[in-house]
Amino acid sequence: MDHSISRRTFLKTSLLTTGGFWVATGTGFARKVSANEKLNLGVIGTINRASANLNALRDQNIVAICDIEDKLLAAAHAKFPQAKTYTDFRKMLDQRDLDAVVVSTPDHTHAVAAMAALKSGRHVYCEKPLAHDVFEVRAVTNAAARYKLATQMGTQIHATANYRRVVELIEKEAIGPVNEVHVWCERVWFGDGRPAETPPIPEGLHWDLWLGPAPKRPYHPGYQPKAWRRWWDFGGGTLGDMGCHYTDLPFWALKLRAPTSIEAEGPPANPETTPAWLIVRYQFAARGPSPAVELTWYHGGNVPELVKEGKVPNWSSGVLFVGSKGMLLADYDRRRLLPERDYEGFQPPASYIPDSIGHHKEWIAACKGGAPALCNFSYGGLLAETVLLGNVAYRSGRKLEWDSAACKVINTHKADRFIRRAYRGGWKL
């Protein structure tokens with residue numbers, strides 16, 4: 001990909017929701033699998049979230065494992081000795097018996113791995129936030145729809161019972177119509193610039209493959225295997241890490257789609273590393289009879305004024321819906337109607353959203369011809385785009401007017417390079 005992308009080229013190649021430019025390669029390796037058969041899975045990544053995904057899917061046939069670190073690959077192979085091993089996922093995809101692929105890499109290689117798997121005809125499970133930048137998310141979302149493959153984004157909390165009960169309370173207007181939501185998170189990923197030291201690459205670590213499409217830079221242990229989220233070249237900081245989990249709840253409950261504008265504030269932007277704190281305000285248009293919504297994200301110790309004023313419990317992380325009749329506070333496991341005195345004796349609506357069979361099991365069932373998984377890319381893609389647009393607004397230093405159909409910011413050119421990054425030579429979608 002050319003490292004200097006002009007405005008004209010950017011607009012020309014932007015993926016539209018109707019008719020993108022991605023063309024199937026026609027390899028079509030995937031086979032039809034009956035409900036009683038096991039899928040043949042290829043898994044990219046073996047530790048951290050990848051380890052959890054491997055454990056959740058071990059009842060299927062793990063036939064291929066890929067990792068860029070030899071010792072990690074050997075450890076995974078000891079658990080799945082029947083699997084073939086690879087250090088380059090592109091070579092793994094040449095293995096013809098793969099039905100589906102699990103992408104559990106750092107964010108900066110999500111899209112190249114997921115797109116390659118989709119183009120080869122494989123179903124895909126990909127960790128949140130689906131891709132590193134907005135353009136990649138749209139490309140992968142469109143490809144999944146074009147090829148009609150089963151997908152799931154790794155937002156595991158979506159499968160919990162608590163989220164379902166919150167959605168039911170909002171849909172049944174227990175607090176009235178909602179036009180305001182606040183989302184805050186205690187976790188913080190931030191840094192203060194690029195490391196100056198250039199230690200040697202550890203033996204068995206394929207550093208160039210770990211970098212993938214990101215710009216070439218010397219190895220440093222601060223990047224890999226876990227703290228990569230602090231650097232823009234590899235991740236999206238706290239918002240990129242946690243935004244999809246917490247924003248998923250209002251996205252689902254309020255049937256949100258794409259925001260119309262995004263505005264962010266934080267410390268002076270560092271070109272290398274993500275911020276210690278951030279506040280992002282998203283505006284969503286009315287949806288039928290539902291009113292317009294302002295959703296505000298906070299991290300790094302920031303919380304809503306209602307929390308500061310003591311009107312809402314000071315939970316470490318939370319989602320606060322503000323309605324015309326009251327408020328609803330929730331996190332992964334809890335929910336509370338506020339003010340509590342107004343809801344004494346309240347009877348919640350009868351449960352009507354079915355329990356999930358399991359986040360990973362939803363995807364497995366979809367791969368075998370069942371109903372789409374609930375966080376398939378058509379849903380997860382718009383959620384991920386919304387989250388990532390918060391970082392775009394912060395880094396560009398402007399309030400953004402967003403044209404979702406065209407996948408572009410319409411009021412400034414300053415955001416373009418944060419919507420779509422350039423790849424280094426040898427890498428492409």
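Predicted model: local features only at pLDDT ≥ 70, side-chain atom pairs only at ≥ 80, totals over all residues.
Residues are numbered from 1 along each chain as its sequence is written, and side-chain values use heavy atoms, with hydrogens and water left out. Helices (H or I, at least four residues) and strands (E, at least two) are DSSP runs numbered from the N terminus. Two strands pair if DSSP finds at least two bridges between them.

- Strand S1 (residues 40-44) pairs in parallel with strand S2 (residues 61-66) over five bridges, and isoleucine 44 has cysteine 66 in S2 as its bridge partner.
- On to S4 and S5: they pair in parallel over four bridges, and valine 103 has cysteine 126 in S5 as its bridge partner.
- S4, helix H5 (residues 110-119) and S5 make a right-handed β-α-β unit. Right-handed means that, with the strands pointing away from the viewer, the path from the first strand over the helix to the second runs clockwise.

**Which way do side chains point?**

- In a regular strand, side chains alternate between the two faces of the sheet.
- Take strand S4 (residues 100-103): Ala100 and Val102 point one way, Val101 and Val103 point the other way, and all are buried. Buried means under 20% relative accessible area, exposed over 50%, and partly exposed in between (1.4 Å probe, protein chains only).

**The nine-strand sheet**

- Another open sheet has nine strands in the order S13-S12-S11-S7-S10-S9-S8-S14-S15, with mixed pairing.
- S13 and strand S15 (408-409) stand at the edges with a single partner strand each, so one side of each has no neighbour in the sheet.
- Strand S12 (residues 327-330) and strand S13 (residues 335-338) pair antiparallel over four bridges, forming a hairpin with four residues between them; leucine 329 has arginine 336 in S13 as its bridge partner.
- Strand S11 (residues 318-323) runs antiparallel to S12, joined by four bridges, and valine 322 stands opposite methionine 327 in S12.
- Helix H9 lies across S7, S9, S10, S11 and S12, running at about 150° to S10.

**Charged pairs**

- Side chains of opposite charge can pair when their charged atoms come close. A salt bridge is a side-chain nitrogen of Lys or Arg within 4 Å of a carboxyl oxygen of Asp or Glu, and by this rule the count comes to 21.
- Lysine 128 forms one with aspartate 241, with the closest N and O atoms 2.7 Å apart. Lysine 128 sits in the loop between strand S5 (123-127) and H6, while aspartate 241 is in helix H9 (residues 237-253), 113 residues apart.
- Both lysine 128 and aspartate 241 are buried, and Lys128, Arg187, Arg229 and Asp241 are linked in a network of salt bridges.
- Aspartate 208 pairs with arginine 424 in a salt bridge, the closest N and O atoms being 3.0 Å apart. Aspartate 208 lies in helix H8 (residues 207-211) and arginine 424 in the segment after helix H13 (416-419), so the pair ties together parts that are 216 residues apart in sequence.
- Aspartate 208 counts as partly exposed because its relative accessibility is 36%, whereas arginine 424 counts as buried at 11%.
- Lysine 308 and glutamate 305 meet in a salt bridge (3.4 Å, N to O). They are three residues apart in helix H10 (residues 305-308), so about one helical turn separates them.

Notes
Contact = heavy atoms within 4.5 Å. Axes fitted to C-alpha atoms, helices over the stretch in contact; angles between N-to-C directions.
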